Amino acid sequence: MVMPYTAIQFAVLHKLKTFVSGSSKTADHINLSPYLSYISGALAGCAATVGSYPFDLLRTILASQGEPKIYPNMSSAIFDILRTRGFRGLYAGLSPTLVEIIPYAGLQFGTYDTFKRWCMAWNNLRSSSISSTTGDSLSSFQLFICGLAAGTCAKLVCHPLDVVKKRFQIEGLQRHPKYGARVEQCAYRNLFDALHRILKSEGWHGLYKGIVPSTIKAAPAGAVTFVAYEFTSDWLESIFTST
């Protein structure tokens with residue numbers, strides 16, 4: 001899931017920023033307004049979600065089934081979903097996922113660019129008082145911190161929508177009750193009905209179930225992804241500009 005999602009996301013993001021800025025160089029993209037960074041990130045997240053969603057659905061189902069397993073492997077889960085729910089079953093819960101990913105990806109990329117600009121300004125301030133070295137380049141540690149902060153902010157704001165998304169994804173999964181309450185088929189009419197029912201039966205705590213492990217997983221993973229993207233992008237640009 002991660003491979004196609006990340007590839008589509010950063011490819012679309014780069015294309016959008018190139019179109020808006022009029023330059024394909026990553027260094028020129030940092031000068032975009034924060035609003036364009038948020039919008040570009042949201043659109044890139046939507047494209048990546050649509051392109052890789054069946055894998056996200058299968059991951060959630062396989063991770064939620066517990067023991068004894070309903071599906072021994074990914075292929076058996078795919079065939080059963082296609083047999084019982086058709087092709088549309090592979091996109092169950094897509095609507096709430098898109099509602100979640102728009103603010104999540106927008107916040108993640110928008111705040112990441114904002115934190116990068118703050119770090120550059122800090123570096124310039126330090127370099128002007130210490131030496132003449134440029135402050136436009138950020139260290140890998142600074143990039144990691146920017147990505148970590150951006151991922152944490154996005155996750156804390158959007159986690160309730162992630163909970164709702166996963167409830168839709170595991171509808172009808174006949175897992176053992178010890179792994180959590182079963183979500184019956186068509187338990188929720190829509191996103192707002194799911195939010196209302198969860199709030200009514202579980203309170204605000206229900207919308208933030210799993211927030212700690214989810215943040216511990218998502219924030220560092222996003223930070224590493226940003227650092228890898230920055231260095232890979234700079235490396236590829238140096239190769240193509242030198243040839």
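Me: At what angle do helix H6 and helix H7 pack, and how far apart are their axes?
Reply: In this predicted model, helix H6 (residues 140-169) and helix H7 (residues 191-202) pack at an angle of about 105°. Their axes lie 10 Å apart.

Me: How are H6 and H7 oriented to each other, then?
Reply: Angles of 65 to 115 degrees count as roughly perpendicular, and H6 and H7 are therefore roughly perpendicular to each other.

Me: Which residues make the contact?
Reply: H6 contributes Leu161, Val164, Arg167 and Phe168. From H7 come Leu191, Ala194, Leu195, Ile198 and Glu202.

Me: How many of those are nonpolar, polar or charged?
Reply: In the contact of H6 with H7, seven residues are nonpolar, two are charged and none is polar.

Me: Changing topic: which residues form the nonpolar patch on the surface?
Reply: The patch is formed by Phe19, Val20, Leu36, Ile39 and Leu43. Together they have about 490 Å² of accessible area.

Me: Where do Arg83 and Asp80 sit, and what separates them?
Reply: Both belong to helix H4 (residues 74-85). Because they are three residues apart in that helix, about one helical turn separates Arg83 and Asp80.

Terms used
Residues numbered from 1 in each chain as written. Predicted model: local features only at pLDDT ≥ 70, side-chain atom pairs only at ≥ 80, totals over all residues. Heavy atoms only, no water. Axes fitted to C-alpha atoms, helices over the stretch in contact; angles between N-to-C directions. Helix = DSSP H or I, 4+ residues; strand = E, 2+ residues; numbered from the N terminus. Parallel < 35°, antiparallel > 145°, perpendicular 65-115°, else oblique. Contact = heavy atoms within 4.5 Å. Nonpolar A, V, L, I, M, F, W, Y, C, P; charged D, E, K, R; others polar. Patch = residues over 30% accessible without salt bridge, like charges linked within 9 Å, V, L, I, M, F, W, Y side chains within 5 Å. Areas by Shrake-Rupley, 256 points an atom, 1.4 Å probe, with all protein chains shown as cover. Salt bridge = Lys/Arg side-chain N within 4 Å of Asp/Glu carboxyl O.
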